[in-house]
Amino acid sequence: MPAQGKHRRPKSVSLSRGIAAVTTGGAVLALPVLGATTASAAPAHSVAAEKAVAPVSVTAQANSVTKAAPVKHSVVSGETLSKIAREHSVSGGWKKLYEGNRKVVGENPNLIHPGITLTIGAKAAAPSDAKAGKAAARTATTERADRSERTTAAPAAAPAAAAPATYTNDLDGWIKESLAVMAQHGIPGSYEGIHRNIIRESSGNPNAINNWDSNAVKGTPSKGLLQVIDPTFQAYHVPGTSTDSYDPVANITAACNYAADRYGSIDNVFGAY
């Protein structure tokens with residue numbers, strides 16, 4: 001039987017423990033094996049540092065934009081939308097001013113009352129990114145639908161040229177023609193307002209003349225449908241109409257131009273003016 005040797009079950013050395021080493025100076029602990037052979041974890045970034053360099057929110061930047069304050073204008077007697085638009089250099093003229101104040105003015109832009117407050121120069125707020133995206137999507141969809149419709153639809157015939165407007169040679173026609181001229185020059189007034197004042201002043205007679213009042217005594221009698229004296233007719237004559245104060249259309253437009261300057265509109269006249 002062979003000689004028995006001393007056998008010991010070898011103990012596994014824990015990698016997490018230190019290994020004893022003998023030196024001339026005594027026993028010391030060596031560095032852990034696992035620590036020596038394993039790469040150390042990368043240091044975590046500072047959360048505060050990341051926040052410091054984080055880009056500013058686009059929404060915050062958009063909200064930082066200061067909205068321009070609109071200008072308020074209180075209407076006084078004798079003013080019209082066209083006159084106010086000229087004074088404030090409103091881009092788009094009286095129509096743009098009316099669009100922004102339709103709820104205040106009402107359905108008739110030719111009739112504004114002293115004391116109401118108009119908003120001039122209001123700017124629309126910039127749309128948010130979400131709204132802008134939705135608007136762009138709607139626009140793209142509409143454009144695709146338009147292209148599809150143009151592709152599939154038969155070519156339409158060219159529209160015929162609009163025939164020039166014609167007016168009857170009577171009170172109704174004179175008023176309608178005057179309104180067309182007034183619209184071109186931004187002069188307010190309605191059919192009802194003009195007709196009402198004509199019936200009171202001349203009973204619809206374009207050749208009517210007043211030879212007995214104070215104006216007649218001064219040598220400037222009132223003439224025509226709306227009984228306008230010559231100095232007033234010349235001062236408020238509307239280009240493109242006759243220079244004859246008895247001419248129905250010229251007489252009406254000059255009188256309405258005068259009434260707009262003094263009363264805001266012929267619609268505001270209910271007596272001698």
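Me: Which residues have the most contacts inside the largest nonpolar core?

Reply: This is a predicted model, in which local features need pLDDT of at least 70, side-chain atom pairs count only at pLDDT 80 or more, and totals for chains, interfaces and linings use all residues. Residues are numbered from 1 along each chain as its sequence is written, and side-chain values use heavy atoms, with hydrogens and water left out. A nonpolar core is a set of buried (under 20% relative accessible area, 1.4 Å probe, protein chains only) Ala, Val, Leu, Ile, Met, Phe, Trp, Tyr and Cys residues joined through side-chain atoms within 4.5 Å. The largest one has 24 residues, and those with the most contacts inside it are Ile194, Ile198, Leu226, Ile252 and Cys256.

Me: Which helix supplies the largest share of this core?

Reply: Helices here are DSSP runs of H or I with at least four residues, numbered from the N terminus. At least two core residues come from each of H8 (171-184), H9 (191-202) and H12 (248-263). The largest share, eight residues, belongs to H12.

Me: With which residues is isoleucine 252 in contact, leaving aside its neighbours within four places in sequence?

Reply: Contact means heavy atoms within 4.5 Å. With those neighbours set aside, the partners of isoleucine 252 are Trp174, Ile175, Ser178, Ile194, Ile198, Leu225 and Leu226.

Me: How many residues does the second, separate core have?

Reply: Among the members of this core are Leu81, Ala85, Leu97 and Ile116. Its residue count is twelve.

Me: What is the volume of the largest cavity?

Reply: On a 1 Å grid over the protein atoms alone, a cavity is a set of points where a 1.4 Å probe fits but cannot get out, and lining residues have an atom within 4 Å of a point. Points are joined across faces, edges and corners, and a volume is the space filled by probe spheres set on them. The count comes to one cavity of 30 Å³ or more, and its lining includes Val75, His113, Tyr263 and Asn268. The volume of the largest cavity is about 30 Å³.

Note on methods:
1 Å grid on protein atoms, 1.4 Å probe; cavity = no way out; pocket = protein on both sides within 12 Å on 5 of 7 lines; lining within 4 Å. Buried < 20%, exposed > 50% of the residue type's maximum accessible area, 1.4 Å probe, protein only.
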